[in-house]
Amino acid sequence: MSVLQGARIVVGVAGGIAAYKAADLVSKLVQAGALVDVILTAHAREFVTPLTFGALSQRPVWADLWEPTGMAAARHIELAAAAQALLVAPATANTIARLAHGLADDMLAAVALATTAPLLIAPAMEHHMLQHPATQANLALLAARGAHIIPPETGRLASGEIGTGRLPETATLLGALRQVVGRGGDLAGRRVVVTAGGTQEALDPVRYIGNRSSGRQGFALAEAARDRGAQVTLIAGATALPTPYGVTRIDALTAAAMRAAVLAACVEADALVMSAAVADFTPIAVAEHKIKKREVASSDGADLVLRLQRTPDILADLDAVRAQYPGLIRVGFAAETREVAAAGRDKLARKGLDLVVANDVSQPDSGFGSATNTVTLFHKDGRTEALPSLPKTAVAAHIWDAVVALLAQR
Ligand code: CTP
């Protein structure tokens with residue numbers, strides 16, 4: 001279940017051209033199960049209408065503090081009290097200035113003053129306005145008071161110029177909200193390390209030996225841990241996936257780089273989940289120049305023979321130096337194409353793990369690239385949990401449930 005299920009979120013929309021993007025944000029929040037109250041500033045209503053947002057949120061949209069029924073004037077305290085987070089997206093230079101200086105001249109500013117919920121600000125504006133010392137000082141003031149400033153992105157601005165000031169993608173804004181709403185979760189105060197994706201072992205400057213891992217399960221694990229309050233380090237091999245908001249990402253393309261990154265990140269960590277598909281073998285030597293067909297020497301002059309050597313087993317190495325990582329919960333994956341149960345139990349024992357997540361990657365709804373996974377969990381106490389085919393996000397939730405239980409026993 002999403003951390004946003006049933007969450008009360010107030011979205012404040014200020015008057016910038018990116019206001020139209022807030023409609024997508026509200027739609028996605030509603031799809032995630034949140035109860036969304038939208039407040040439009042007077043300037044926002046020049047760009048978008050309350051109808052757009054009311055149709056998406058299925059709730060009243062608050063626009064004018066002074067409307068004749070007096071409802072809005074009374075509601076600002078109610079909204080402020082109920083909110084679990086207030087996100088201002090887009091936040092214009094003008095609204096940032098009003099919030100920084102504690103004005104209460106419209107519904108949004110009044111709710112921002114009256115709420116004790118976390119305030120998230122997604123600045124979006126023309127780049128000179130953003131860089132202006134006044135705007136920067138206002139943002140610094142808000143950050144010093146505990147507001148979460150979601151960094152604007154660089155790219156094409158509405159003016160046609162390239163600069164910093166774009167409203168981030170909806171996925172980023174959702175990630176920021178999920179992190180804030182989940183900050184008191186059952187992994188709060190925990191440091192976890194997740195590896196994801198496949199490694200690539202170079203043969204020459206243009207070729208490598210890789211595998212079919214997409215990184216989806218590992219990225220879902222990183223996001224799920226963030227949503228439960230953890231501080232997450234995501235060590236990524238080859239993957240096309242964007243970095244989840246609020247997660248520290250370290251790229252490690254080879255087995256050797258991944259080993260170094262994992263060993264460093266696990267110092268003082270509470271749990272390591274190795275979902276990366278790490279190469280078991282790497283070429284003995286990397287050719288300095290591109291290997292040419294005509295230069296390949298073999299008995300008949302046509303075949304290329306590669307010599308590979310074993311890579312160190314990262315999980316097993318951690319077990320060997322257990323003293324350096326006291327109490328670290330270790331979770332391994334077993335991606336198999338046959339005898340899944342035997343391989344899962346074997347890896348649990350051989351690598352000294354707390355949990356093994358085994359799946360049959362030859363099945364169409366399981367493993368590489370798919371959105372779902374069918375896994376069996378092998379616990380070190382001998383329990384076996386066979387899960388049905390589930391979205392990778394749901395598999396991630398089961399794995400963290402098991403880790404939380406192990407942490408409680410530590
Ligand atoms: N793993 C690791 N270091 C490696 C290779 C794998 O830490 N050099 C981790 C993987 O991230 C995964 C688990 O070990 O969590 C299982 O990996 P796998 O390669 O399937 O296991 P092996 O021990 O190599 O077993 P086998 O060759 O029999 O499949």
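A pocket here is an open set of points, on a 1 Å grid over the protein atoms alone, where a 1.4 Å probe fits and protein lies on both sides within 12 Å along at least five of seven lines; lining residues have an atom within 4 Å of a point. Points are joined across faces, edges and corners, and a volume is the space filled by probe spheres set on them. The model is predicted: local features need pLDDT of at least 70, side-chain atom pairs count only at pLDDT 80 or more, and totals for chains, interfaces and linings use all residues. Numbering runs from 1 along each chain as its sequence is written, and side-chain values use heavy atoms, without hydrogens and water.

The second largest pocket holds about 860 Å³. Its lining has 41 residues, with A276, A277, V278, F333 and A335 nearest the centre. β17 (329–336) supplies the largest share of this lining, five residues; α9, α11 (314–320), α12 (340–350) and β18 (355–360) are also among the elements giving at least two each. Helices (H or I, at least four residues) and strands (E, at least two) are DSSP runs, numbered from the N terminus.

The largest pocket has a volume of about 990 Å³. Of its 31 lining residues, R178, E223, R226, D227 and T393 lie nearest the centre. Two or more residues come from each of α1 (19–31), α8 (170–181), α9 (216–227) and α13 (392–409), and α9 gives the most, seven. Domain 1 (8–181) and domain 2 (191–408) each contribute at least three residues to this lining, the bounds coming from an automatic or database domain assignment.
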